[in-house]
Amino acid sequence: EGREMPSPLTVFGALNLNARNFDVELRRAQEKLQNGMSGFLTQPVLSAQAVVNLKKTRETLGEKAKILAGIMPVVSQRNAIFMENEIIERFAGLDRAQGEELGLEVSVKAAQAAAPYADGFYLMTPFNRIALMERLIARLKDEGIAD
């Protein structure tokens, strides 16, 4: 005999804000919405272009879709592949502590820029660095971006 879920299921899909051809990615997102998707988890917001794409997503999809913007502290130059060149260069020669500090600074700025277009955030932990994420959450609270 068939069994029903005790409550409705909410289905989220991926949204790559860093896609080379973002118009195609956005069209796919619209199709996903039409086929029952409730919202999207974005790839990490790591550049000004990603914020532009997030804004375009919000304008195109309106309030129909929930959007959770991905925030991931990048901690090394090698880890910074989607970032803008001037940020990548700032990681050159930094030790672990300096790299984490720059990663926190960049993440807070990314969250501030993304906040007007997102319904919230989800945080991605690089290399299992839990203490780093605790520091990020504290900074997001200090900045009034998170409760």
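This is a predicted model: local features need pLDDT of at least 70, side-chain atom pairs count only at pLDDT 80 or more; totals for chains, interfaces and linings use all residues.
Local features need pLDDT of at least 70, side-chain atom pairs count only at pLDDT 80 or more, and totals for chains, interfaces and linings use all residues. Residues are numbered from 1 along each chain as its sequence is written, and side-chain values use heavy atoms, without hydrogens and water.

Helices (H or I, at least four residues) and strands (E, at least two) are DSSP runs, numbered from the N terminus. Helix H4 covers residues 96-114. Its 19 residues should span 27 Å at 1.5 Å a residue, and the end C-alpha atoms are 26 Å apart, which agrees. The expected span is 1.5 Å times one less than the number of residues. At the start of H4, a side-chain oxygen of aspartate 95 comes to within 3.2 Å of the backbone nitrogen of alanine 97.

Buried means under 20% relative accessible area, exposed over 50%, and partly exposed in between (1.4 Å probe, protein chains only). The buried residues of H4 include Gly99, Glu100, Leu102 and Val106. Their cover includes helices H2, H3 and H5 and strands E3 and E4.

Arginine 129 lies in the loop between E4 and H5. It counts as buried because its relative accessibility is 15%. Arginine 129 touches Val75, Arg96 and Glu100 (heavy atoms within 4.5 Å), not counting residues up to four places away in sequence.

The axes of H1 and H2 come within 11 Å and cross at roughly 35°. Axes are lines fitted to C-alpha atoms over the stretch in contact, with angles from 0 to 180 degrees between N-to-C directions. Among the contacting residues are Phe22 and Leu26 of H1 and Lys56 and Leu61 of H2.

How values were computed. A polar contact is a pair of N or O atoms within 3.5 Å; within protein, one must be able to donate a hydrogen and the other to accept it, and residues adjacent in sequence count only if both atoms are side-chain atoms.
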